[in-house]
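Q: I'm new to this one. Can you walk me through it?

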Amino acid sequence: MRKLMIALASATALLASSAVAQEKIKIGAAPYGLNAEFMQIWAAAMQEHPAVKSGEVELTVFDGRYDALVQQDQFKTMVTQKYNAIIFAPIDVDAGAAAVQSAADAGIPVIGSNTRVNSDLLTSYVGSDDTISGYMEAKTVLDKLGCKGNVVILEGPVGQSAQISRLEGNKKALAECPDVKVLEDQTANWSRAEAQTLMENWLTAHPKQINGVIGQNDEMALGAIEAIKAAGIDEKSFAIAGIDGITDALRAVKAGEMTSILQDARAQAQGALDLAIFHAKNGNYKPQSDIWATYKDMPWNDGKDKNYNVPWTPVTADNVDKLLATRK
């Protein structure tokens with residue numbers, strides 16, 4: 001009898017353990033790439049979400065390697081393995097729609113984060129309005145130039161929503177300064193190295209003619225600064241702006257070399273994960289991230305909203321030290 005009781009107890013424990021395992025939510029995060037610091041901060045914030053740290057959520061972060069086909073293959077994997085929800089930051093606004101369609105066909109909710117996709121099948125989206133940031137960064141450059149002179153534009157990957165919207169914002173600001181001439185406008189694919197090479201070429205092609213640099217992200221703005229320094233030119237004689245608020249950019253802002261606008265990767269990532277869990281559990285979930293309390297103008301609203309807009313924060317002399325203190 002004693003052996004029977006022990007066996008029953010063991011079986012009960014195994015069944016309970018199996019039930020707990022089955023209750024664990026399986027979520028995949030599919031960012032466009034993890035080479036640069038911004039998306040590394042985004043991915044790290046996912047791992048730091050309370051539901052992941054407690055074990056309630058089993059999170060897998062994929063590396064899209066800046067390739068729409070790679071992202072589509074990752075979606076196929078997640079669909080085959082029956083993930084409960086997917087968080088998506090696509091490299092291409094149009095090509096990403098096929099991936100969303102495949103998940104929707106399998107009944108898997110897809111939450112957009114950081115970059116947009118042209119699909120009505122997206123369950124929800126957490127990100128920031130890139131048109132606003134494009135306008136803000138260009139305006140800081142143009143204001144420093146007094147709406148006169150020549151500028152160059154370093155764009156993100158062509159076809160990504162951030163590149164499209166930030167360029168729209170750039171052009172809106174430039175339209176307000178008709179005396180400013182755009183000497184060069186080309187993609188550097190969010191890459192510091194590519195931007196440095198482009199800027200080196202532009203400095204040679206337009207000697208002493210470039211007055212400002214509009215970098216659609218910080219990595220590219222920093223690449224331009226490196227090219228300027230390598231050419232033996234004072235970088236502070238240029239008006240240079242970027243977007244994201246990555247660590248090196250914060251340091252450059254503090255040094256007076258450029259301006260930047262913080263894009264809150266943590267809020268975008270953890271907000272998207274809260275929504276992914278919410279939809280995976282059919283609404284039986286309350287958000288666990290503190291980002292909803294941080295951004296009072298972006299209420300949770302019972303997870304019912306289609307779009308959640310994380311505001312931009314200009315990096316200034318007043319807040320740069322505080323922002324740097326948040327980086328390890």
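Q: What is the mean pLDDT of the chain?
A: The mean is 94. Of the chain's residues, 93% reach 70 or more.

Q: And where is the pLDDT below 50?
A: Over residues 1-22. Beyond near neighbours in sequence, that stretch has 0 contacts in the model.

Q: How should I read low pLDDT?
A: Where pLDDT is low, the predicted coordinates should not be read in detail.

Q: OK, on to helices. What describes two packed helices?
A: The angle between their axes and the distance between the axes.

Q: At what angle do α8 and α9 pack, then?
A: About 45°. Their axes are 7 Å apart. Helix α8 covers residues 192-205, and helix α9 covers residues 218-230.

Q: Is the crossing of α8 and α9 left-handed or right-handed?
A: The crossing of α8 and α9 is right-handed.

Q: Which residues in α8 and α9 meet?
A: On the α8 side they are Arg-192, Ala-195, Gln-196, Met-199, Glu-200 and Leu-203. On the α9 side they include Met-220, Leu-222, Gly-223 and Ala-227. By class, this contact has 8 nonpolar, 2 polar and 4 charged residues.

Q: Now the other pair. How do α2 and α11 cross?
A: Helix α2 (residues 37-47) and helix α11 (residues 265-280) cross at roughly 40°. Their axes come within 8 Å. That makes α2 oblique to α11. The crossing is right-handed.

Q: Which residues of α2 make the contact with α11?
A: Phe-38, Ile-41, Trp-42, Ala-45 and Met-46. From α11 come Ala-265, Arg-266, Gln-268, Ala-269, Gln-270 and Leu-273.

Q: How many of them are charged?
A: In the contact of α2 with α11, 1 is charged, next to 8 nonpolar and 2 polar residues.

Q: Switching to backbone. What is the phi of Cys-147?
A: Cys-147 has a positive phi of about 60°, although it is not a glycine. Cys-147 lies in the loop between α6 (130-145) and β6 (149-155). Cys-147 is partly exposed, at a relative accessible area of 26%.

Q: And the phi of Asp-244?
A: Near 135°, a positive value in a residue other than glycine. Asp-244 lies in strand β9, which spans residues 239-244.

Q: Is Asp-244 buried or exposed?
A: Asp-244 is buried, because its relative accessible area is 7% and the cut-off for buried is under 20%.

Q: What about His-206, where does that lie?
A: His-206 lies in the loop between α8 and β8 (212-215). At 14% relative accessibility, His-206 counts as buried.

Q: Which residues is His-206 in contact with?
A: Leu-183 and Glu-184, leaving aside neighbours within four places in sequence.

Q: Last one: where does Asp-129 lie?
A: Asp-129 lies in the loop between β5 (124-127) and α6. Asp-129 is partly exposed, with 33% relative accessible area.

Q: How far apart are Asp-129 and Gln-263 in space?
A: They are 9.9 Å apart, C-alpha to C-alpha. In sequence, Asp-129 and Gln-263 are 134 residues apart.

Q: And which residues is Asp-129 in contact with?
A: Leaving aside neighbours within four places in sequence, Asp-129 is in contact with Asn-309 and Trp-312.

Note on methods
Residues are numbered from 1 along each chain as its sequence is written. This is a predicted model: local features need pLDDT of at least 70, side-chain atom pairs count only at pLDDT 80 or more; totals for chains, interfaces and linings use all residues. Side-chain values use heavy atoms; hydrogens and water are left out. pLDDT is the predictor's confidence in each residue, from 0 to 100. Contact means heavy atoms within 4.5 Å. Axes are lines fitted to C-alpha atoms, for helices over the stretch in contact, and angles run from 0 to 180 degrees between N-to-C directions. Helices (H or I, at least four residues) and strands (E, at least two) are DSSP runs, numbered from the N terminus. A crossing is left-handed if the near helix is turned anticlockwise from the far one by less than a right angle, and right-handed if clockwise. Ala, Val, Leu, Ile, Met, Phe, Trp, Tyr, Cys and Pro count as nonpolar, Asp, Glu, Lys and Arg as charged, and the others, Gly among them, as polar. Buried means under 20% relative accessible area, exposed over 50%, partly exposed in between (1.4 Å probe, protein chains only). Angles under 35 degrees count as roughly parallel, over 145 as roughly antiparallel, 65 to 115 as roughly perpendicular and the rest as oblique.
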